[in-house]
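Visitor: I would like to learn how to read a model like this one. Where do we start?

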Amino acid sequence: MMNCCRPMKLDGSKTLKTWTEECAVFGIWGDPEAAQMTYLALYAQQHRGQESSGIVSLYEGQHFHHRGMGLVGEVFSPADLDRLKGEAAIGHNRYSTTGQPLLANAQPLTAHLLNGPVALAHNGNLINAEKLRVQLKKEGAIFQGTNDTEILVHLLARNSEANILSCLKQALPLLKGAYSMVLLTHDQLIAFRDPLGFRPLSLGYRKTSDGRKAVVISSETCAFDLIGAEYVRDIEPGEIFCVNQSGESSSFFLSEDDKKQTAFCVFEHVYFSRPDSLVFGRSVYESRKKMGRQLAREAPVDADLVIPIPDSGVPAALGYSEESGLPFDLGIIRNHYIGRTFIQPSQSIRSFGVKIKHNPQSHILKDKRVVAVDDSLVRGTTSKKIIQLLRQAGAKEVHFRIAAPPTTGPCYYGVDTSRRSKLIAAERSVEEIRKYVGADTLAYLSLEGLFAAVNGDAQQYCAACFDGHYKLLEEEETSL
Ligand code: AMP
């Protein structure tokens, strides 16, 4: 897993570590089983964040909350869910792989403002967070944690408007970066997305046990499938969508310009989202299979079989196999029960970290010329170890195929792709990377091929991690 700790300049003097926010958000309104449905929705989106999880519910104008460190199944007991009363709730899973995980960073964040209680859950990353934080601190704000979401809470608090929507209208234009958020007040659920729409956010309806139609909002639609909700549409970039006590929904845009340019994160389709989700209105599974098919056309090779690097490489490997006509097989079996911590044994067990997760099948690989397909190659460290394991298991040749272009730039919008210095393709040629990872041949999908696989409209997407074109940037970030 990648490092997601980013040092950033604060006050021009200190360097402070902030965590990137690769998260899942969920919201539900008008369902007698609101907390239970939120729990299930977070469970379905565990892959988007494993550090902490939380739910805030609304009952008779009051908020009830439960947050904790760890996986969804560890954080909530049945009794916790029973305490989360009411017909509305929001939930959040937070991602962090390094640094000191803090409960203070766990979301949803809660606060009491002039206009009542608010709870907020955020997926994305604000690129002007440090500037705003310093400014707010100078004005006397006391921050509880280090996450950028708290900034919005302070901005809302500084506004004396009685109506939370008016507060939002004033605060949101100050934020720069990626945000897909859900906000729960004492009388409404609000979902909103930044004007470029970097991170996904979908709207759906769920038929409740008493026959009503609850509104549901989710980072990914795989959550809708689990709770029996129907996907309706995406919350659009720049849209503010609300549903109130009488069940009426309304929506508006802060600016008409918000509808023009978009920056949908292409990496959601490459790696981050679950393949059974619709993201930006497209099936992630279909995108990945198309990436694999395109890769087979761009980088064919004479070989005996195609194997995926599980799990994220599976759809692309299927596509590669279908297009090339080479048989598909599971040359590596993955252990699905790896916790976040395990006791590291002595160095005598080589490649332990990779082996505990990936076990190559020598009866499948022995004396075979293998095409190994993965979704992306970031630092090269895992890939190098996996290729070693494939050879130890008897593979005669290993042709490594990556269903994405070389990752050359860090992400400032919420995906943890490491600092530039850690990205192997930032400074090395494909041939140098091939030597480093120890493959017989190495090929990446072209940028054009990637866009073709996700509908052909390159303008819709942010692919800055692959093409260096950042649609939003703060000065200090160019140094990362
Ligand atoms: P490496 O060889 O160390 O670059 O690891 C490549 C693997 O990292 C691929 O299997 C990807 O699925 C996975 N990967 C890509 N991006 C991320 C990320 N942001 N966090 C964790 N793993 C990732």
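Guide: Start with strand pairing: two strands pair if DSSP finds at least two bridges between them. Strands (E, at least two residues) and helices (H or I, at least four) are DSSP runs, numbered from the N terminus. Here, S52 stands opposite M69 in β5.

Visitor: What should I know about the model itself?

Guide: This is a predicted model: local features need pLDDT of at least 70, side-chain atom pairs count only at pLDDT 80 or more, and totals for chains, interfaces and linings use all residues. Residues are numbered from 1 along each chain as its sequence is written, and side-chain values use heavy atoms, with hydrogens and water left out.

Visitor: Over how many bridges do β4 and β5 pair?

Guide: Strands of a sheet pair through backbone hydrogen bonds, either parallel or antiparallel. Strand β4 (residues 52-59) and β5 are antiparallel, over eight bridges. G54 stands opposite R67 in β5. The hairpin of β4 and β5 has two residues between the strands, and E60 takes a positive phi near 50 degrees there.

Visitor: In what order do the strands of the open sheet run?

Guide: Seven strands run β5-β4-β6-β3-β12-β11-β13, with antiparallel pairing. β5 (62-69) and β13 (229-234) are at the edges with a single partner strand each, so one side of each has no neighbour in the sheet. On average, neighbouring strands are turned by 15 degrees against each other, direction ignored.

Visitor: Which strands does α1 lie across?

Guide: Contact means heavy atoms within 4.5 Å. Axes are lines fitted to C-alpha atoms, for helices over the stretch in contact, and angles run from 0 to 180 degrees between N-to-C directions. Helix α1 (residues 34-44) lies across β3 (24-29), β4, β6 (88-94) and β11 (202-207), at about 25 degrees to β6.

Visitor: At what angle do α5 and α6 pack?

Guide: Helix α5 (residues 149-157) and helix α6 (residues 164-171) pack at about 115 degrees, their axes 9 Å apart. L152, L155 and L156 in α5 meet I164, C167, L168 and A171 in α6.

Visitor: Which residues come nearest to the ligand?

Guide: A residue is near a molecule if one of its heavy atoms lies within 4 Å of it. Of the 17 residues around the ligand, D374, D375, R379, S383 and D416 come nearest. For polar contacts, look for a pair of N or O atoms within 3.5 Å. A polar side-chain atom of S383 lies 2.5 Å from a ligand oxygen atom. For S312, a polar side-chain atom is 3.1 Å from an oxygen atom of the ligand. G380 brings a polar backbone atom 2.8 Å from an oxygen atom of the ligand.

Conventions: Polar contact = N/O pair within 3.5 Å; in protein donor to acceptor, adjacent residues only side chain to side chain.
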